[in-house]
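Hi everyone, thanks for coming. Please bring up the structure on your screens, and we'll walk through it together.

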Amino acid sequence: MQKFRKNTVTIIFLLIVMLGITGCWNRRELDTLAFVSGLGIDKAREPGKLQLTAQIIKPGEIKAPEAGGGGMGGSKPYWNISQIGNTVFSTVRAMTLKSNRKLFFPHNEVIIFSQDIAREGVRKYIDFLIRDPEFRRLAWIVVAKDKASEVLETKTELAKLPARNIAELIKARSATSEVSAVNMQEFLTRLMSKTTAPIASLIEVSAKEKTAQLTGTAVFKDDKLVGFLNKTETRGLLWVINEIKSGIITVSCPDGKGKASLEIIQASSKIKPEIKDNDIHITVEVKAEGHLGSQMCLEDLTQIPAWNSLEKRQSEAIRSEVLAALKKARQLNADIFGFGEAVHKKYSRLWKDIEDQWDEFFPNIEVTVKVESKLRRSGLTVKPPRPE
Amino acid sequence: MRRVIRPLDMDQWKEKRQQKNTKPVDIAIDLKDYALEKDIGKNEQNYRTIFRKCSDVVIRPFKLGTNCEVKALLVYVDGLIDKSLVNNFLMRSVMLLMGGKEHLMIRENSFDLLKDCVINIGEVSVEDTIEKAIDKILVGECIFMVDGHREVLSVSVRGWEARGISEPDTEAVVRGPREGFTETLRFNTAMLRRKIKSPDLKIEIKTKGKYTKTDIAVCYISALSNQGVIHEVFKRIDRIDIDGILESSYIEELIEDEPWSPFPQIEYTERPDVVAANLMEGRVAIMVDGTPFVLIVPTIFAQFLQSSEDYYQRFYLSSLFRMGRFLALNIALLLPSIYVAATTFHQEMIPTSLLVSIANQREGVPFPALLEALVMEFTFELLREAGIRLPKPIGQAVSIVGALVIGDAAVAAGLVSPAMVIVVAITAIASFSLPAFNMAITLRILRFPITFLAGMLGFYGIILALLAILIHLTSLRSFGVPYLAPVAPFRLDELRDVLLRVPWWRMDYRPESMEPRDKRRQGERQKPSPENRNGKGDGGNA
């Protein structure tokens, strides 16, 4: 009996201790939370202050009205709440003065920086986003060409929420590989590297239709926006950093009477640094495979000479894309490719001497681009539809 | 004028009460005061005293033979004996026929003569104490006494109205035998004997219950069952001292290893094929007279997830179903608590669109998710209970009310969210899909505290509850066999009959957990293949 009592006391004691050491948790009913799906950071008119825009999902209105009653005349399924403040944290808290429900960030899908705030540097804002436990590091980092709040107000046709729309646009980028997709974790990795320049997706709002569209890549130097890559340059970048999923390469037919589109189905790349005679030399090896997706010329491209020539053209196109990106990166003096980290990995002893002068090295590094590409299949047909 | 009745004080009341109770009552009979006598008149007197006010006992004095020289007495309980047997083969033969040996009959030798030469009934025994005689009368035998002889003749003429063999309702199968045990122990042992035609099948009878004198049959195959287990079963049954046993659950609760545990530690079945299969795995079955439910020991947890039909259907199907039941077990235990924990603590774990959809449904629901879950679960349990107890024609009304009130009206009124209705419904389906009703009940009971913990502590609470359950389960034993065997302690070989059901030609060994005396179940290379079919034996790919 005494043993039993002793055991009971021990168990109860342990249970109480276990309850105390769990860290932070809280009971929140669903109807006390405001789910934030997108967050925009703008410069406020007052100097030194920022304007935060949070897109809150209205659960009651996101479903289509039942049985056709009311039609589409209802209000928007989201609510953009804006607040001006000194820091991100204080501004987020100040939003509770306007919202009856507590803002809840784990479902936040995009973080949008306006161009002017990105040019000033994003580190001071990112700090809160990684310090607070509610933010996910999977949120996409996006730079708006103009104001971030505008992007969150864009018209969407198929998606219900502008923020969700942007996230889905970014996810769909693999069809073209002409836009970079960077989530907070990847952005942080680049931000915390001494040499590699952070990048982010670039978004623009079309003036007429008020719809959002992705237009390329924003390039940062340290934490400050310094320039943009267009779509071709972006793909050049993605070839090098091994982020190509798919995409269409358009080349002219060997007979010069039309164009052919080649679909990339597989791609990989390697960055091989080499230090010779105090010179850094980098070789980028790209391997790609593609299909013949469409042709606008009448030639039978599956004949071996034409096919070989097509492969060559494909390699050449890839090469020119990479070179375009390289040119732009040198221009901006931003190591978006991670050449510095590659050198660091291979020559870790020498690196200490190079590290501080990387900015001087980078524009003048000799880069060789080797492309090895293959064409594998030609779709369901062999020849174009024409009378024999 | 009204008469005033003054309340009695306590002493007066007691006195009055005592006066009321001093009416003469029947004094309990102590059989020790009676003995078998040589004189038949005295004997008759004794029986009349013992069976005073027992209207169903027939005491019939008569005289033997056609010359009516020797007195005799017949005692039996009306309804427990077969009247035609008594009339045609007992009374008729001793009163009229006598097999032509009437001239040999004198008062002194009549008893032996009747026993050996006259009574033409198979099962006859001689009893020499009145206790035994009374016992025999009460179980449905006919007691036959002859004047001048102290011993009595007990003639087996049992025969009573009994339910016929029918398909067991609680363990219906698509494929498999359709017979189920009945309330009569003798029919049940016969059904078992018909399945296992071997002298190794032992059926030992114990009688328990001061008033019910219930027969308990312990069945085992002596060549297979572990001696220790058999010994333990008898030890535990022997210590039972109770006034009545009306169902095998009495025995179950009196011989369990851990009486406070919410988990059933003894499996029951009303299917003879299940009992036979278990006996052949080296287990012991306990049959109780008066109930079709037979206990099987030792029992492991996995047995509650298995159905007899697993062995009768194709093994692919059975294996899938077994895994499905394991999933159902988890759903039945955890789904409401996971729903509550995820929606009130861990909203970040729900995919955004699902979360928004749930939030949309919960807009305007006045109760917290925990309360909603508990109320809905409770309502469902009530409905289920009502459905079982009500007579069948009214039972349908309950389901209509349940479907309309809970499924539709409560949602339309905004009292509960549709998501919660779905959660409760899936939980209910999952718990119905478990083959063992007693395990399903246990899960239902445990579901409530887990849901409560989930509502207070979130997933942390669920994990705490699961840990507690797991610790409890690993500490359980059923007649010396670990409850979680063969998972803990781990025996890879036995797992082929736990989550999977391998084909019969691969089940070469009996479960090791039962420690059977003979481990091999079948010969080698039972897998059918052309070589085996030709009788060459060795060519197989074993």
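Predicted model: local features only at pLDDT ≥ 70, side-chain atom pairs only at ≥ 80, totals over all residues.

**Two chains and where they meet**

Let's start with chain B, which has a radius of gyration of 32 Å, whereas a compact globule of 542 residues would have one near 24 Å.

Residues are numbered from 1 along each chain as its sequence is written, chains are lettered from A and ligands numbered from 1 in the order in which they are written, and side-chain values use heavy atoms, with hydrogens and water left out.

Back to chain B. Along its principal axes, the C-alpha trace spans about 110 × 105 × 40 Å. The chain has 17 helices and 12 strands; helices (H or I, at least four residues) and strands (E, at least two) are DSSP runs, numbered from the N terminus. Of its 542 residues, 45% count as buried. Buried means under 20% relative accessible area, exposed means over 50%, and partly exposed is in between, with a 1.4 Å probe and protein chains only. If we take the contacts in chain B with a separation of 6 or more (contact means heavy atoms within 4.5 Å), 64% of them are between residues 24 or more positions apart.

Now chain A. Its C-alpha trace spans about 90 × 65 × 65 Å along the principal axes. Chain A has 13 helices and 13 strands, and 48% of its 388 residues count as buried. In chain A, residues 24 or more positions apart make up 69% of the contacts with a separation of 6 or more.

So how do the two chains meet? The size of an interface is often given as the accessible area lost when the parts come together. Here, chain B and chain A bury about 2200 Å² between them, with 60% of that on carbon and sulfur atoms. Buried area is the accessible area (1.4 Å probe) that two parts lose on being put together, summed over both. Chain B gives 26 residues to the contact and chain A gives 23.

How many salt bridges does the rule find across the interface of chain B and chain A? There are three, where a salt bridge is a side-chain nitrogen of Lys or Arg within 4 Å of a carboxyl oxygen of Asp or Glu. You can look for the one between the side chains of A:Arg28 and B:Glu348, at 4.0 Å from N to O. On chain B's side, the elements giving two or more residues are helices H10 (315–344), H11 (352–362), H15 (437–457) and H16 (459–475). H11 of chain B gives the largest share, nine residues. By type, chain B's side divides into 15 nonpolar, eight polar and three charged residues. In that count, Ala, Val, Leu, Ile, Met, Phe, Trp, Tyr, Cys and Pro are nonpolar, Asp, Glu, Lys and Arg are charged, and the others, Gly among them, are polar.

Let's zoom in on some single residues. B:Arg325 sits in helix H10 of chain B. Is B:Arg325 buried or exposed? B:Arg325 counts as buried because its relative accessible area is 10%. Beyond its neighbours within four places in sequence, B:Arg325 is in contact with residues including B:Asp310, B:Ser433 and B:Pro435.

B:Asp147 is in the loop between strands S4 (142–146) and S5 (152–155) of chain B, and is buried at 9% relative accessibility. A polar atom of its side chain lies 3.1 Å from the backbone nitrogen of B:Ile40. A polar contact, by the way, is a pair of N or O atoms within 3.5 Å; within protein, one must be able to donate a hydrogen and the other to accept it, and residues adjacent in sequence count only if both atoms are side-chain atoms.

Over in chain A, A:Leu237 belongs to helix H9 (residues 231–240) and is buried at 0% relative accessibility. Among the residues that A:Leu237 touches are A:Ile199, A:Ala325 and A:Phe337.

Finally, the backbone. The peptide bond from B:Ala485 to B:Pro486 is cis, with omega near 0 degrees. B:Phe479 is not a glycine, yet has a positive phi of about 50 degrees.

Note on methods:
Rg over C-alpha atoms; globule rule 2.2 N^0.38 Å.
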